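These are my notebook entries on one protein. I wrote down what I looked up, in the order in which I looked.

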Amino acid sequence: GGAVNCVIWALGADVLSQAKSVEQEALFCAYALLWTEHGRDELAPSKKSARLPGLTAGAIARGLRTEGGSSEAALWGLRIFERICQTRAFVVEPFVGVITDAMLADGCLHGTMIAGSNAVSHLAGVCPVARAKLVASRVKLIKALQTLSHAAAAEGTKEGTAREKELLDWVQVLIDILGPSRPNKDPDDYVEDEQIEEEEVVVEDPLDPTSRSGTKPDSDSAAKKGTKEKTGTKE
C-alpha cells in the first residue's frame, strides 16, 4: 500500500540519502509495518525479490560510518532484521555481515545488541551460509555481549542488573547455537577456550514494537536513556 511505497521511497531515494531524520523515521515505520502480515508480505516477501533488506543494510552501514555503534540506524535496522528473521530468515542471509558489524561496533547500544543477537540466532538455525560466517565470528560476538553486560553490571542499578542478565542469557544462546557442546562450562571459560583454539590455528596454519530505546554501554551511575521522538533525539 501507500505506507510501504513511502518507506521504500524514503530509504531508496538518492536525494534523501543525507536526510538522517527522514531515514530514521522510515526505518521506524518499516519496523512497525513488519508487525502486520500484510507489511511483512509487502516489505519482505519470501518468494520474490525484496528491496527493504538491502536498503536497511545500506542505512546501517552509513550509520556505523558516521556515528559508530550508537547509530539509531543500526538500532532500528537490526530490529527490522530481527523481525524479518523470525519468519523468513533467508531474506536477511545476504546481510549477515552488516549485522555482525553493528554488534561489534564500538559504543553498540543495548537495544542494537539484543536485536542483533536475536537475528543471529535465527540465521544460524536455518541458513547454512550465514551460520558458517557466524561461527567464524562467535568468539568476538560472545565477548562483545560480555563486555556490554559487565558495563551494565558496573552501573550498580536495578536497570543495569536487568540488562546484564538479558545480555548473559544471549551469551548462553550463542554458545549453544554457534559452538560445540561444552558441558559444565562458564561462559567466560568458553571464550577463553575459544581464544586458545584460535591461537593454535594461527600457529599451525599460517552475526516492544512501540519502544524506541537503546542504551549506551559507557554509562556512569545510571544508564544513558532517552526516547526517540519525532525530533530524532536518542534514548
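The model is predicted, so local features need pLDDT of at least 70 and side-chain atom pairs count only at pLDDT 80 or more, while totals for chains, interfaces and linings use all residues. Residues are numbered from 1 along each chain as its sequence is written, and side-chain values use heavy atoms, with hydrogens and water left out.

**Entry: T56**

I looked up T56 and found a relative accessible area of 0%, so T56 is buried. T56 sits in helix α4, residues 52-67. Helices here are DSSP runs of H or I with at least four residues, strands are runs of E with at least two, and both are numbered from the N terminus. I then listed the contacts of T56 (contact means heavy atoms within 4.5 Å). Apart from neighbours within four places in sequence, T56 is in contact with L27, G77, I80 and F81.

**Entry: the whole protein**

I counted elements next and got eleven helices and zero strands. Of the 235 residues in the protein, 49% are buried.

**Entry: helix α5**

I checked the length of helix α5, residues 72-88. The expected span is 1.5 Å times one less than the number of residues. For the 17 residues of α5 this should give 24 Å, and the end C-alpha atoms are 24 Å apart, which agrees. In α5, 15 of the 17 residues are buried, so the helix is largely enclosed by the rest of the structure. At the start of α5, a side-chain oxygen of S71 comes to within 3.1 Å of the backbone nitrogen of A73.

**Entry: R40**

Is R40 buried or exposed? R40 has a relative accessible area of 15%, so R40 counts as buried. R40 belongs to helix α3, residues 37-43. Not counting residues up to four places away in sequence, R40 touches L33, L34, W35, P45, R83, T87 and R88. A polar atom of the R40 side chain lies 3.0 Å from the backbone oxygen of L34. R40 and T87 are 47 residues apart along the chain, and 9.1 Å separates their C-alpha atoms.

**Entry: helices α6 and α7**

I looked at which residues of α6 meet α7. V96, I99, A102 and M103 in α6 meet T112, M113, G116, S117, A119, V120 and L123 in α7. The residues of this contact divide into eight nonpolar, three polar and no charged. Here Ala, Val, Leu, Ile, Met, Phe, Trp, Tyr, Cys and Pro count as nonpolar, Asp, Glu, Lys and Arg as charged, and the others, Gly among them, as polar. I also noted the buried residues of α6, which are V96, V98, I99, T100, A102 and M103. The buried residues of α6 pack against α4, α5, α7, α8 and α9.

**Entry: helix α9 and L148**

L148 lies in helix α9, residues 138-154. With 9% relative accessibility, L148 counts as buried. Other buried residues of α9 include R138, V139, L141 and I142. L148 and L168 are 20 residues apart in sequence, and their C-alpha atoms are 9.3 Å apart in space. Just after α9, G156 takes a positive phi of about 70°.

Conventions
Buried means under 20% relative accessible area, exposed over 50%, partly exposed in between (1.4 Å probe, protein chains only). A polar contact is a pair of N or O atoms within 3.5 Å; within protein, one must be able to donate a hydrogen and the other to accept it, and residues adjacent in sequence count only if both atoms are side-chain atoms.
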